[in-house]
Amino acid sequence: MTSNSENNNNNEAHPSDSQISLEATSNEKSEPLCHWCHQLAEENEQFLQVELVDGDQTKAYYYCSEEHELKIIRFYNYSKNFRIIYYLFILLFPIILLTLLAVFHNWLFIYVVFISFGIGIIILPLLGEKTVNGLGLKNSLILGRVLGLVILLIGVTLFVINGWKIFLPD
Ligand SMILES: [Zn+2]
């Protein structure tokens, strides 16, 4: 009898508990955005998370569909593989070019720095975590590549205009 009354007490306690937890989960549900397309989860929909390891950090990302989970994983693998090439164009080549500029006093080298930056950003448009969180990965990549292309075209244009004068004097 005593155990029954305890059970009854437990049963009375449960409904309010589950109500609280339901409210909590519905609040959390309005938060998750697909990391790839930045789509918000529907009320009765639950986004799953994919965990990716980057160095000593493990980050979890929400995804809306298996297709977008694959896209997130593919990009992070791609980003790992191409990071060295990215730093070649963003860091190493510019340092070499600026050294050449200091030695030869030829401004053409500075335009090649633009070209190098542009190529680097097109290869790996890393715009930072804030941009990705604000726009989603897909849109960040588009924005980054457009930016890279603009920088590349500015570099090529300046190089052609100024190079023309140097290689064809009068
Ligand atoms: Zn998505």
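Tutor: We'll take the strands, then a helix, then a loop residue.

Tutor: This is a predicted model, so to speak of local features we need pLDDT of at least 70, side-chain atom pairs count only at pLDDT 80 or more, and totals for chains, interfaces and linings use all residues. Residues are numbered from 1 along each chain as its sequence is written.

Student: OK, how do E1 and E2 pair?
Tutor: Antiparallel, over seven bridges, with E1 at residues 48-54 and E2 at 57-63. Strands here are DSSP runs of E, at least two residues, and helices are runs of H or I, at least four, numbered from the N terminus. Two strands pair if DSSP finds at least two bridges between them.

Student: Which residue in E2 partners Gln49?
Tutor: Tyr62.

Student: And what's up with Gly55 in the hairpin?
Tutor: Gly55 has a positive phi near 65°, in a hairpin with two residues between the strands.

Student: Switching to H2: where is the kink centred?
Tutor: On Phe82, at about 50°. The bend at a residue is the angle between axes fitted to the seven residues ending there and the seven starting there.

Student: Which H2 residues are buried?
Tutor: His68, Glu69, Ile72 and Phe89. Buried means 20 or more other C-beta atoms within 10 Å of the residue's own, exposed means 12 or fewer, and partly exposed is in between, with C-beta atoms placed from the backbone.

Student: Why does Leu40 count as partly exposed?
Tutor: Because Leu40 has 15 C-beta neighbours inside 10 Å. Leu40 lies in the loop between helix H1 and E1.
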